Amino acid sequence: MVIAWIRSRRPLLELLSVLLTLLVWSGLHAARAEPLAIAGHELKQPDLSEWFAPARPGAAAADTAPERSHPLGSTQQAFGAALPGPLLAGGAARGLAEPGSSASPRTAPAPQRILMLGDSMIEPLQQRAAAYFRATGYKFISVIWYGSRTLDWGKGSRLAQTLQTYAPTYVVVVLGSNELMARDVEQRALHVQSMLQTLGKLPVVWVGPPSWREDRGLNAMLARELGDHFFRSDGLEFQRKSDGIHPTDASGAWWMDRVAEWLRSRPDQTQLVLAAPTGPPRHHAPARVWAPPSR
Amino acid sequence: MLKLDAFIYDAHRPLLFTSGTFLALFALFLAGFIALPFGSARSVASDRRATLVKIAYLYAFSLFFYYKSSGWFVGLLVLMTLADFYLARLIAHSQKLWLRRVGLCASLATSLGLLAYFKYANFFSDSVGDLFGLRSEHFDIVLPVGISFYTFQSVSYLVDVYRGRLAPANSLLHYGLYLAFFPQLIAGPIVRADALLSQLEQVRGPNSLDVRAGLYRVALGLAKKCLIADYLAGYCDTVFVDYRALTGTEVVLGFYAYGLQIYFDFSGYSDMAIGLARLLGFSLPENFAAPYSARSLSEFWQRWHITLSTWLRDYLYVPLGGNRHGPRRRDANLVITMLLGGLWHGAAWHFVLWGLFHGVGLVIDKRWCGLELSSPSWLRRFATLHFVLFGWILFRAPSLEDFRNVLARAWELRVTELFVVLGARSDVVALTLMGWALVFSPAALAKYAGERARRLPVWAHALGAVILTQLLLEVSDAAPTPFIYFQF
């Protein structure tokens, strides 16, 4: 009886056994802990001791070496000590004291670790951003994932891991340029929501893409999802580099000025007290660079 | 592993054949299928009962599959099934010509009306609005997945019944399964009613050969889609969207890559559909037959998306008059057929132009047949291929403006860039070369591989499947990209 039953269904049972093998195999694959996938080249890990050093309100701008009490091991501390040019810049005191700068010199801003993450549009923004934040006494790190989209950040663990590594107190997202043409805007909205969920209660602002052509509703979607945490860049006029896409350095600085104005005027905990950048320009390099995601 | 939400519709996770969810659901479905009574060869009654139970089970799973991909549009599919089934009976059993005509028109109006509403309402309101300078309201319409495909199946069924070529299905369940059979439901092949209905008379389930051949076919489709098409997709997206940032050489490379991508994507999908049906003991019509080896454009359309082009031929070109009213009428019919065929691919002007491009190409092909035949075979192949590849640029470019710009970019091709590009894009170059080598590999080779695979024991298939799965998991850490033809 049983044998007849099996015999009549033998091809199906064979098929089922193949499928079950596959299921077990892919289950095993999923169960294996996903290692942190870092594609492409990596810059030298920046000195996180500076980054994590507790900034003393009012003393943020001191030129002296900051305290070195933080959880990241002694080797890194030693390494950090050898590195000149900490993130906390000496220009800040001058910036703060500058008459006419919009930040009041009396009320020192609460210390912030500002993380800027997103796509290649960080490049034109970051020099000027670093100048602003340095002048104010904020710490600033940028992380560029070239060619990335909301899809890439919203999925997978890179955002969570980046947040874990840098433990920022404030996040500036610069994203959307690589998906201006996307038709499936509503699907991208889900990725934005997923990103916001990962960001949790962190103060977040989002600098929109400096559109070089009309999008298919991406900016509208970002504005809807992010409300007034979204800085819309698609109405601004930029001078572009020869690729026709990225703003030139000068245009990028001008762009950051617009963003800074907006950050100063924000109503909630995402408001930043920003001093006008002064002092000699100093080069800011991103803390980490990732090659474009494989699609 | 399988949570409850795996059974619930999620608009953002369509049930693709390449997803793990589908694998799990299919295994579950199969376990149920095995448990069904199989009937005995000795008793006709028990055999018939067993067939009925299997069809009902297949239909239930197909409806669930559609629900999983499209949500409550499954109701639309069922309504369409009911309407078609009873209208077809009316047409077949009525003696009065006017009543038969009314039945046909009612059915065509419903199916094509629904298709027009879901697919083209916004396009037409926009186009009319543009014409008269009005700002038209945008309807908030979600396209039910696969509607283009099952509408065409329903039309072919009704027209065949009306013409008296086909007896109407003898049970609602049979017709329901014909429209909703899950391997072909979402993106074809477009099956003719007689081809599937005749297989439903007696459903025995697969035999051993079916299982082996089906497994091989699905694996082949998976490899085509996930290893080649998906990898090239990323590059092609860049080429057609961010062409400003690329050199002319890279853009031209993208054109060749896109020709491969669309072929491997869609033929891979068709392989999976045909293979899945085979795994259950059904045979679906072939959809591709080495299209890029065609020696003329007419031949190309006999080899590319065969079930669509024969559908267009039988239900559009021939009713329009075909070639029966002289060459001038034939030319017009060809162009109209291809225009509408282009529009079927999507509600956008570049698809219409793509159709026009192919329509005009077919006219030239028919007119200068003699001239063509005198040229060597390789030249004809080359010319046909490049005509088609040029057509794909129009097909893929997000808009007509992009089409112009991307061509302008390609025009800036510099031979001096060649080696730089070869170095910087070595992966795409290698994969493109490999892909074209596969496309032009002798048909006998593929046939031999298929026959060899059919003779392998099941454990070898399992091993092959595991290796392929591992490969796929490693290559695509991103979620699967939907099939190109999915959205049409």
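**Entry 1: B:D402**

I began with B:D402, which touches A:R213, B:Y243 and B:A397 when residues up to four places away in sequence are not counted; contact here means heavy atoms within 4.5 Å. I worked on a predicted model, in which local features need pLDDT of at least 70, side-chain atom pairs count only at pLDDT 80 or more, and totals for chains, interfaces and linings use all residues. Residues are numbered from 1 along each chain as its sequence is written, chains are lettered from A and ligands numbered from 1 in the order in which they are written, and side-chain values use heavy atoms, with hydrogens and water left out.

I placed B:D402 in helix α17 of chain B, residues 400-411. Helices (H or I, at least four residues) and strands (E, at least two) are DSSP runs, numbered from the N terminus.

**Entry 2: the interface of chains A and B**

I looked up the extent of the interface and found 34 residues of chain A in contact with 45 residues of chain B. The two chains bury about 3400 Å² between them, and 70% of this lies on carbon and sulfur atoms. Buried area is the accessible area (1.4 Å probe) that two parts lose on being put together, summed over both.

I then looked up the charged pairs and found a count of one salt bridge between chain A and chain B. The side chains of B:R212 and A:E14 meet in a salt bridge at 3.4 Å, N to O; the term requires a side-chain nitrogen of Lys or Arg within 4 Å of a carboxyl oxygen of Asp or Glu.

I next noted which elements of chain A give two or more residues to the side that touches chain B: α1 (2-8), α2 (10-31) and α9 (185-199). The largest share of that side, 16 residues, comes from α2(A). By class, the side of chain A that touches chain B holds 15 nonpolar, nine polar and ten charged residues. For these classes, Ala, Val, Leu, Ile, Met, Phe, Trp, Tyr, Cys and Pro count as nonpolar, Asp, Glu, Lys and Arg as charged, and the others, Gly among them, as polar.

**Entry 3: aromatic pairs**

I searched the whole structure and found 57 aromatic pairs over all chains. Rings of Phe, Tyr and Trp (its six-membered ring) pair if their centres lie within 6.5 Å; planes under 30 degrees apart count as stacked, over 60 as edge-to-face and the rest as tilted.

I examined B:F26 and B:F29, whose ring centres are 5.9 Å apart with planes at 25°, so the pair is stacked. Both residues belong to helix α1 of chain B (residues 20-35), three residues or about one helical turn apart. B:F26 is buried at 2% relative accessibility, and B:F29 is buried with a relative accessible area of 2%.

I also examined B:F240 and B:Y258, which form an edge-to-face pair because their ring centres are 5.6 Å apart and their planes stand at 65°. B:F240 lies in helix α9 (residues 208-241) and B:Y258 in helix α10 (residues 248-279) of chain B, so the pair ties together parts that are 18 residues apart in sequence. B:F240 is buried at 1%, and B:Y258 is buried at 3% relative accessibility.

**Entry 4: B:W354**

B:W354 and B:G391 are 37 residues apart in sequence and 6.1 Å apart in space, C-alpha to C-alpha.

Notes. Buried means under 20% relative accessible area, exposed over 50%, partly exposed in between (1.4 Å probe, protein chains only).
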